[in-house]
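Welcome! Let us take a walk through this structure together, one region at a time.

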Amino acid sequence: MSRLVVVSNRVADPRKTAAGGLAVALGEALAETGGLWFGSSGTVLDRGQGEGKLHTQRAGNVTLATVDLSQEDHDGYYRGYANGVLWPVFHYRLDLADFDAGHIEGYRRVNRMFAHRLRPLLQPDDVIWVHDYHLIPLAAELRAMGCQQRIGFFLHIPVPPPLILAAIPAHEWLMRALFAYDLVGVQSQADLTHLSRYLLSEANAEAVGENSFGAFNRQLRAGAFPIGIDVDEFTALADGEESRTMLATLREQYAKRQLLAGVDRLDYSKGLPQRVRAFRTLLERYPENRHSATLIQVAAPSREDVHAYGDIRRELEGLCGAINGDFGDIDWMPIRYIHRTVARKRVPGLYRAARVGLVTPLRDGMNLVAKEFVAVQNPDDPGVLVLSRFAGAAEQLRDALLVNPYDTQATADAIQRALHMPLQERQMRHARLLEEIRRHDVHWWRRGFLAALMETGA
Ligand code: ADP
Ligand code: F6P
């Protein structure tokens, strides 16, 4: 059987429960098959301190191979191009993209350096699976060095419409680089439609079968593979001591209140100011919720050296402070805003204590928080998921209350409906949602992608 080689910007020890979406999903995939996981070490060195040095380490049946970056490479590749250009554009935010700076050189340099470090570790029949927008040109660099293995790419973030992609000054170069892969996977049908239209119109690709495209003397398959969670692993966390303690504490503290929970990275794509404004509108329009509805919003610090992330933090703090000032009382604060990463073992307790889970991104590739919230609800008395129709998860989770997060009034109305939904309707919606996330879990995602990759004609 071929060895699996996973490549992603972040690498995590698969033996440790940790680290959220991409890392958990990939750790699980590798733990089952064994293999190699290659990426950056997360260590940023001063220039001349030995950047590019390879560290290898055994973690069960997986070899972790990581390289350090110099400050200059980190600035150009991760902060500048990946998170200053690609992240905003792929989330439809051309206004936040920093096109002027010459970050693309750093992005190219690090992708080339990764390819050089990875190449000697590869075996001829390896199957290589590259992840996310940090590494779009990696396969092209590997092919230029003679690699003939099957190489698949999975994009965890959304694909915008073709003309938004075409605004990236180097988009032709990125598009050509995509054709070095045998299979490109995206999260949703909407993403697949955008990608197909982009390849046909901007690359003048030839359609050579359903979701297969020919251009630049290569053939590329594309497909939608919505990522899932490991439902059993997450429900086991919910039954653990730390989660149960969290649940008991919140139940005691908020015995007479109704809790709403939001758990996100502090990212402008997550729609946090819009969510808080909708909560304010709820308190204004439906005053019966005052002294009762309480929002616990946890926002993990993220990419703090990127300008737009500082702006969103200040905006959010201002909005939360104003609501607490205007509506709070000696014995009740409407919002508890926490700018921190909560230990993963405690997160299920928070979800379970909540009557309403708020997952309202302006745009999101998938959003695993939505699935985690559903996974750990008590089926006899489940909370209600309020979900943005602009999250990839909305294509699957049709029994959530779907909202347009830009529509403050309608979102407030949906929250009101969620807070007062009869038990029977909550149970029915939850049962259907749970069935969906169980059927399309992380194992299904991995098997589906790798099976499709093995079918390609490499
Ligand atoms: P993204 O990949 O954009 O961060 P996802 O919702 O797909 O968004 O995945 C986020 C993951 O990180 C989930 O597993 C979630 O539980 C975890 N996470 C997000 N914010 C926090 C936080 N503040 N504290 C702890 N875990 C968090
Ligand atoms: O899901 C998108 C993603 O960018 C992943 O690639 C990444 O692991 C996660 O969000 C968190 O972002 P970062 O690695 O920049 O902290």
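**Around ligand 1**

A polar backbone atom of Val 342 lies 2.9 Å from a nitrogen atom of ligand 1; a polar contact here is a pair of N or O atoms within 3.5 Å, where pairs within protein also need one atom able to donate a hydrogen and the other able to accept it, and residues adjacent in sequence count only if both atoms are side-chain atoms. On its own, ligand 1 exposes 570 Å², and 85% of that is buried by the protein (accessible areas come from the Shrake-Rupley method with a 1.4 Å probe; for residues, only the protein chains shown count as cover).

Before going on, note that this is a predicted model, in which local features need pLDDT of at least 70 and side-chain atom pairs count only at pLDDT 80 or more, while totals for chains, interfaces and linings use all residues. Residues are numbered from 1 along each chain as its sequence is written, chains are lettered from A and ligands numbered from 1 in the order in which they are written, and side-chain values use heavy atoms, leaving out hydrogens and water.

Back at ligand 1, a nitrogen atom of the ligand is 3.2 Å from a polar backbone atom of Asp 264, and a nitrogen atom is 3.4 Å from a backbone N or O atom of Ala 300. Which residues come nearest to ligand 1? Of the 18 around it, they are Arg 265, Lys 270, Val 342, Leu 368 and Glu 372 (a residue is near a molecule or strand if one of its heavy atoms lies within 4 Å of it).

**Around ligand 2**

Arg 265 also belongs to the surroundings of ligand 2, together with Arg 10, Leu 22, Tyr 78, Trp 87, Asp 132, Tyr 133, His 134 and Arg 303. An oxygen atom of ligand 2 is 2.5 Å from a side-chain N or O atom of Tyr 78, and an oxygen atom is 2.5 Å from one in the side chain of Asp 132. For Arg 303, a polar side-chain atom is 2.8 Å from an oxygen atom of the ligand. Ligand 2 has 380 Å² of accessible area on its own, and the protein covers 79% of it.

**From Arg 10 into the strands**

Arg 10 has Ser 40 in β2 as its bridge partner. Strands β1 (residues 4-10) and β2 (residues 35-45) pair in the parallel sense over five bridges; strands are DSSP runs of E with at least two residues, helices are runs of H or I with at least four, and both are numbered from the N terminus. Two strands pair if DSSP finds at least two bridges between them. β2 also pairs with β4 (residues 62-70), in the parallel sense over eight bridges, and there Phe 38 has Ala 65 as its bridge partner.
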